[in-house]
Amino acid sequence: MDKFRQFMYGRYGGNDALSRFLVALYFIIFVLNLFLRRTIVGTVLSTLALLIVVFYIYRCFSRNIYRRSAENQKFLKLWNPVKNYFKFCKLRFQERNSVKKLYRCPKCHQTIRVPKGKGKIAITCPKCRFEFIKRT
């Protein structure tokens with residue numbers, strides 16, 4: 001164990017959001033490949049899964065920590081809006097039978113709850129104080 005720790009000293013290690021995404025993507029492709037094994041699509045998926053694993057291992061053992069961190073930041077810049085959109089959709093679905101309606105501030109994207117059935121109202125964002133008009 002001590003030799004492995006010495007080997008990994010100064011290496012990136014790969015415990016960030018991009019690495020977790022690559023592992024999840026690999027497992028999704030692996031499951032799809034179970035059903036499409038003997039087709040051309042299955043061959044392409046196998047090759048893609050192999051490339052993902054190679055890239056993951058490369059990132060784990062890389063000594064260029066600054067570059068791997070920059071890759072992760074670029075990934076998060078792309079991934080966070082997607083994640084926040086689905087988070088908002090999930091919240092809106094959970095609140096569908098409530099007496100409140102959800103909106104997002106057009107300026108800062110803060111989620112705001114307003115009462116349903118009030119007609120057109122001016123909504124002020126509590127975070128950035130931007131005012132916008134919506135129908136409830």
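I start with a term: a polar contact is a pair of N or O atoms within 3.5 Å; within protein, one must be able to donate a hydrogen and the other to accept it, and residues adjacent in sequence count only if both atoms are side-chain atoms. Ground rules next: this is a predicted model, in which local features need pLDDT of at least 70 and side-chain atom pairs count only at pLDDT 80 or more, while totals for chains, interfaces and linings use all residues. Residues are numbered from 1 along each chain as its sequence is written, and side-chain values use heavy atoms, with hydrogens and water left out.

**Entry: T136**

I looked up T136 in the segment after β4 (131-135). Helices (H or I, at least four residues) and strands (E, at least two) are DSSP runs, numbered from the N terminus. A polar atom of the T136 side chain sits 3.5 Å from the backbone oxygen of P115. Buried or exposed? T136 has a relative accessible area of 17%, so I log it as buried (buried is under 20% relative accessible area, exposed over 50%, partly exposed in between; 1.4 Å probe, protein chains only). Skipping neighbours within four places in sequence, I find T136 in contact (heavy atoms within 4.5 Å) with residues including K101, Y103, P115 and I121.

**Entry: N72**

N72 is in helix α4. Its relative accessible area is 9%, so N72 is buried. What does its side chain reach? A polar atom of the N72 side chain lies 3.1 Å from the backbone nitrogen of L18. Neighbours within four places aside, N72 touches Y12, D16, A17, L18 and R59.

**Entry: helix pairs**

I note two packed helices by the angle between their axes and the distance between the axes. Axes are lines fitted to C-alpha atoms, for helices over the stretch in contact, and angles run from 0 to 180 degrees between N-to-C directions.

How do α3 and α4 (residues 65-94) pack? I get an angle of about 130 degrees, with the axes 9 Å apart. That makes α3 oblique to α4 (under 35 degrees is roughly parallel, over 145 roughly antiparallel, 65 to 115 roughly perpendicular, the rest oblique). F55, Y58 and R59 in α3 meet R68, E71 and N72 in α4. By class I have two nonpolar, one polar and three charged residues there (Ala, Val, Leu, Ile, Met, Phe, Trp, Tyr, Cys and Pro are nonpolar, Asp, Glu, Lys and Arg charged, and the others, Gly among them, polar).

For α2 (residues 17-35) and α3 (residues 40-61), the axes come within 9 Å and cross at roughly 160 degrees. The pair is therefore roughly antiparallel. On the α2 side, the contact residues include L18, L22, Y26 and I29, and on the α3 side they include L45, A49, I52 and R59.

**Entry: loops**

G10 is in the loop between α1 (2-8) and α2, and its 33% relative accessibility makes it partly exposed. Beyond residues up to four places away, G10 touches S62, R63 and I65.

Most residues other than glycine have a negative phi. H109, not a glycine, has a positive phi of about 65 degrees; I found it in the loop between β1 (100-104) and β2 (111-115). R129, also not a glycine, has a positive phi of about 65 degrees and lies in the loop between β3 (120-124) and β4. R129 is exposed, at 61% relative accessibility.
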